[in-house]
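Me: I am new to this protein and would like to go through it by question and answer. Please show it first.

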Amino acid sequence: MSGVGAPSPTEKIDGTGLRVIVIAGTWHDVITNGLIAGAERVLAASGASFDTVRVPGSFELAIAAQAAFAGGADAVVALGVIIRGGTPHFEYVSAATTDGLTRVSLDAGKPVGFGVLTLDDERQGLDRAGLEGSKEDKGAEAADAALRTALVARALRG
């Protein structure tokens, strides 16, 4: 099956005909809004159709992703912020979110772009949120990964 693969990272993505749902938690608005802006910018540039929905927190991303796939989405971009505190809560929520999104993706056979930041402190999130002065744009990266993987899945399915 020669020739099937994602466009190279420097190649423009043509997402025409793909329906993508961006799902974002509501905690840490400055960081989350930066992640959403990056994801929406990549999706708009690709020509994919997309909608953005908010859920209470990162733990709720998996159930919303499951509903998005049941509603016909080709891909989901999951965005959230989990900051370590002084209790085991961080580990439980991080693991449950990651495991839940992985399960939903595999059950649906469709990609979830993983843009859930697991952080030691807020500064790390600001550095990754795609804001002015940020070092990275994890929202854009998650959307890019979701689009590229959806295109590979589409090609493999024929």
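Me: How far does the backbone oxygen of tryptophan 27 lie from a polar atom of the side chain of threonine 32?
Reply: The model is a predicted one. Threonine 32 lies in helix H1, residues 29-46, and Trp27 is among the residues it contacts once neighbours within four places in sequence are set aside. From the backbone oxygen of tryptophan 27 to a polar atom of the threonine 32 side chain, the distance is 2.8 Å.

Me: Is threonine 32 buried or exposed?
Reply: Besides Trp27, the contacts of threonine 32 include Ala24, Gly25, Arg54 and Val81. A residue counts as buried under 20% relative accessible area. The relative accessibility of threonine 32 is 0%, so threonine 32 is buried.

Me: Where does histidine 28 lie, and what is its phi near?
Reply: Histidine 28 sits in the loop between strand S1 (19-24) and H1. With a relative accessible area of 29%, this residue is partly exposed. Most residues other than glycine have a negative phi. Histidine 28 has a positive phi, near 60 degrees.

Me: Which residues does serine 105 contact, leaving aside neighbours within four places in sequence?
Reply: Serine 105 is part of helix H3. Its relative accessibility is 16%, so it counts as buried. With those neighbours left out, serine 105 is in contact with Lys110, Pro111 and Val112.

Me: How far is the backbone oxygen of lysine 110 from a polar atom of the side chain of serine 105?
Reply: Lys110 is one of the contacts of serine 105. The backbone oxygen of lysine 110 and a polar atom of the serine 105 side chain are separated by 2.6 Å.

Me: Is proline 111 buried or exposed?
Reply: Proline 111 is in the loop between helix H3 (89-108) and strand S4 (112-119). Not counting residues up to four places away in sequence, it touches Phe69, Asp74, Ala75, Val76, Ser105, Ala146, Thr149 and Ala150. The cut-off for buried is under 20%. At a relative accessible area of 8%, proline 111 is therefore buried.

Me: How far apart in space are proline 111 and valine 20, C-alpha to C-alpha?
Reply: In sequence, proline 111 and valine 20 are 91 residues apart. In space, their C-alpha atoms are separated by 9.9 Å.

Me: Which residues is alanine 64 in contact with, leaving aside its neighbours within four places in sequence?
Reply: Alanine 64 lies in helix H2, residues 61-70, and is buried, with a relative accessible area of 16%. Leucine 101 is 37 residues away in sequence and 9.7 Å away from C-alpha to C-alpha. The contacts of alanine 64, with those neighbours left out, are Ile23 and Val55.

Me: In what order do the elements of the protein run from the N terminus on?
Reply: There are 5 helices and 4 strands in the protein. From the N terminus on, their order is β-α-β-α-β-α-β-α-α.

Me: What is the radius of gyration of the protein?
Reply: The globule rule gives 15 Å for 158 residues. The computed value is close to that, so the protein is as compact as a globular protein of that length. The radius of gyration is 15 Å.

Me: What share of contacts between residues at least 6 apart in sequence join residues at least 24 apart?
Reply: Of the 158 residues, 44% count as buried. Among contacts between residues at least 6 apart in sequence, the share joining residues at least 24 apart is 78%.

Note on methods
Residues numbered from 1 in each chain as written. Predicted model: local features only at pLDDT ≥ 70, side-chain atom pairs only at ≥ 80, totals over all residues. Heavy atoms only, no water. Helix = DSSP H or I, 4+ residues; strand = E, 2+ residues; numbered from the N terminus. Buried < 20%, exposed > 50% of the residue type's maximum accessible area, 1.4 Å probe, protein only. Contact = heavy atoms within 4.5 Å. Polar contact = N/O pair within 3.5 Å; in protein donor to acceptor, adjacent residues only side chain to side chain. Rg over C-alpha atoms; globule rule 2.2 N^0.38 Å.
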